[in-house]
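Here is a short report on one protein model. It covers the sheet, the helices packed on it and the aromatic contacts.

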Amino acid sequence: MRTSTVADRIREATVVLGDRTDRHRFPDPTGWWRAPELLRELGPALAGLFADERPNVVLGPESRGSLLGPLVAVELGAGFVEVRKNRYPACDSDRWLQRTSPPDYQDRHLRLGFSRRLLRAGDRALLVDDWIDTGGQAFAAQALVADAGATWIGVAVIVDGLRRHEPRRQLGVRSLLHSRDF
């Protein structure tokens, strides 16, 4: 009897929206949050992709990266920094690092950032998200890490949807699944 893997449970919890008559079909990951056993395993599974790299800070972009990132951070014994989209400092004394992303999967340019005090020189930063499609947000996050003088470790994602290998190599992407698995 075959034991179900995390990847199998991710596929089972993912609903593909649209049908054969629709021009665009896409997997809806919201079922991942409803499956308690899967939710419990996502942090350790993603952390395991980079455990040998010893990150001490996990970055997670709004919104799903902010859900997954803390699960991974706890598993790695690391801190967590939320990467905010199109937000600005709360006051003049709150200095932020900000970058505009290349086009994302919806062809948007987003302004990504976080408070400068949250990432320091010497930190080893890992970006965590649910899905990577173009790498636009990850490239902006990588630039933010460089701006802080920290070290970029890579990107841990549940699903790698990149169509080209070059961004995968440049960003150091490791995943649990590929989009072709759906």
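## The sheet

Seven strands make up an open sheet with mixed pairing, in the order β5-β6-β4-β3-β7-β8-β9. Strands (E, at least two residues) and helices (H or I, at least four) are DSSP runs, numbered from the N terminus. Two strands pair if DSSP finds at least two bridges between them. The edges are β5 (96–100) and β9; each has a single partner strand, so one side of each lacks a neighbour in the sheet. On average, neighbouring strands are turned by 20° against each other, direction ignored. Axes are lines fitted to C-alpha atoms, for helices over the stretch in contact; angles between N-to-C directions run from 0 to 180 degrees.

Strands of a sheet pair through backbone hydrogen bonds, either parallel or antiparallel. Here, β4 (residues 79–85) and β6 (residues 111–115) pair in the antiparallel sense over 2 bridges. K85 has L112 of β6 as its bridge partner.

## Basis of the model

The model is predicted: local features need pLDDT of at least 70, side-chain atom pairs count only at pLDDT 80 or more, and totals for chains, interfaces and linings use all residues. Residues are numbered from 1 along each chain as its sequence is written, and side-chain values use heavy atoms, with hydrogens and water left out.

## Helices on the sheet

Helix α1 (residues 6–13) packs on the sheet and touches β8 (151–160) and β9. Contact means heavy atoms within 4.5 Å. The direction of α1 makes about 60° with that of β9. Helix α2 (residues 36–48) lies across β7, β8 and β9. It runs at about 135° to β8.

## Aromatic contacts

The structure holds 2 aromatic pairs. Rings of Phe, Tyr and Trp (its six-membered ring) pair if their centres lie within 6.5 Å; planes under 30 degrees apart count as stacked, over 60 as edge-to-face and the rest as tilted. W32 and W33 have ring centres 6.3 Å apart and planes at 70°, so this pair is edge-to-face. W32 is buried, at 0% relative accessible area. W33 is partly exposed, at 23%. Buried means under 20%, exposed over 50%, partly exposed in between (1.4 Å probe, protein chains only).

W131 and F182 are stacked, 5.8 Å centre to centre with 25° between the planes. W131 lies in β7 (residues 124–132) and F182 in the segment after β9 (173–178), so the pair ties together parts 51 residues apart in sequence. W131 is partly exposed, at 22%. F182 is also partly exposed, at 31%.
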